Amino acid sequence: MEPVLLPGAGEIVSFTTLHAPPAGFRAPLHIALVELEGGARFVCHGADTRGLRIGSRVAIEAVDSVYYFSHLGAVDRARLFWHRAGRAGDRVSAIARSLAKRVFKGRARASS
Amino acid sequence: MRDVWVAGAAMTRVGRRSERLQDLMAEAAHGALRSAGLDAPDAIVVAAMNPEEFVGDGNFASNAAAHLGFAQAPALRVETATSSGAAAFYAGFALLAAGLRRAVLVVGGEKMTHLATPRVSELIGRSLDPYERSYGATMPALAALVTRALMARGVGARELAQVAVKNHANALRNPYAHFRRAVTPEEVLESRMVADPLRLLHCCPISDGAAAVVLTADRAGVRVAGIGQGNDTLALRHRQILTSFRATQAAAGEAFAMAGFGPERVDVAELHDAFAPFELISLEDLGLVPPGKAGRVTLDGETALDGRLPVNPSGGLKARGHPLAATGLAQIVECVWQLTGRAEGRQTQARVALAQSIGGLATNNWVTLLEAA
């Protein structure tokens, strides 16, 4: 089993935890609707929803063509944007924007 | 287009029933024919969401018609998932409006309490997008995604709980209801978590039951003023907005355009509260309350039985119960009773009634407007 990393990260549109999931799934089953940069929305599984909010930045990866989200902390965010292509200045600005967005995420989503 | 009238209406008690689906349908159908003073219909429209899986019978239009004693009447079956009853009503309406028939029996029913809950959930879940289902998404799971987005927009837990509290209080006055007991906001807020943030008492029960109406070309007590259908993507992830249903908005637009009046004329409404938040979303989608106000209005008692706009006097899907294909017709039966003074114990003063039915996760919705003659 080899994980495939998708380029980019996404934002939580909504999420839930099923306490009695259908046959073939283990409880608790964490499901999130994630919007990737560019607008495509994915249904994903995740390991945890603690600390997760609508508008939270998450990383998405596919394992055996099932998508998983994981919550990004400030350090993970900085790392994610540091590794992306582009000039150093762009990277620093992406990190700054991402951190700023984290601060304002509650307000930004409340009006959508 | 010719005028269409509702000449008769009847339903069974909703709940855990031991009778066969055909027997439940017969009870409702013969009741509706009796109340219309009609011996036999020209045609029959049958609504059943999934009798093949729930009870193991197919060819269900003929099956039901034969069981009713009208084996030779033209019969057809209509299915749009959980709004099948409303869709069947539309088909019956269309037959009369086009002048093809003069008296049509529309009957819908479902029988599912004899199956285990996970099996019922799986069968209902088949109305969802297959890809989303492959992630374990069920109807409550997707409704939970909608609910969390709604709460992020400012709808509070108290407001959600109040929908269930109100509808249980109404069902206490309805002898046909599945649940005839009151619940408190605390009970709702402390009930078992089903799909975070949706709790057990936010969700409708699994119910058996049937409902029927007789539609005629001859003038009767209630006129079908308007009817509309609205549709949306099967997949929730293909929608930009989670906190309102395009399918309800489109259906309402069609229905009000046909009726020639707006939401301000509606005196009483039966809404599809399969999950408590859906009642709040629907109130706004239908234009019955201004955007963002449904929670406040509910908490203030405006949608209570004695409020400005009584909503779900029957108890709604939440407490009257949700026997799938019966539900859209049960809503219309309640509206007819409200308009003709036959809603004993929960009677409102109404000249115009609205019924809204949601199919699947709001992929195939219906709005019906009825007016007292």
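1. The model is predicted; local features need pLDDT of at least 70, side-chain atom pairs count only at pLDDT 80 or more, and totals for chains, interfaces and linings use all residues. Residues are numbered from 1 along each chain as its sequence is written, chains are lettered from A and ligands numbered from 1 in the order in which they are written, and side-chain values use heavy atoms, with hydrogens and water left out.

2. Chain A brings 25 residues to the contact and chain B brings 23 residues, where contact means heavy atoms within 4.5 Å. The area buried between the two chains is about 1,900 Å², with carbon and sulfur atoms giving 62%; buried area is the accessible area (1.4 Å probe) that two parts lose on being put together, summed over both. On the side of chain A, Thr16(A), Arg41(A) and Val43(A) lose the most area to chain B, together 29% of what that side buries.

3. Between chain A and chain B there are 9 residue pairs in polar contact, both residues being at pLDDT 80 or more. A polar contact is a pair of N or O atoms within 3.5 Å; within protein, one must be able to donate a hydrogen and the other to accept it, and residues adjacent in sequence count only if both atoms are side-chain atoms. The side of chain A that touches chain B draws at least two residues from each of strands E1 (4-18), E2 (29-36), E3 (41-46) and E5 (66-71) of chain A. Strands (E, at least two residues) and helices (H or I, at least four) are DSSP runs, numbered from the N terminus. E1(A) gives the most to this side, with 6 residues.

4. In chain B, the axes of helix H4 (residues 84-97) and helix H14 (residues 327-339) come within 5 Å and cross at roughly 70°. Axes are lines fitted to C-alpha atoms, for helices over the stretch in contact, and angles run from 0 to 180 degrees between N-to-C directions. H4(B) and H14(B) are therefore roughly perpendicular, a term for angles of 65 to 115 degrees. Gly85(B), Ala86(B) and Phe89(B) in H4(B) meet Gly328(B), Leu329(B) and Ile332(B) in H14(B).

5. Glu35(A) lies in strand E2 of chain A. Leaving aside residues up to four places away in sequence, Glu35(A) touches Gly10(A), Glu11(A), Val13(A), Ala40(A), Arg41(A) and Gln240(B). The side chains of Glu35(A) and Arg41(A) are joined by a polar contact of 2.8 Å.

Methods. Parallel < 35°, antiparallel > 145°, perpendicular 65-115°, else oblique.
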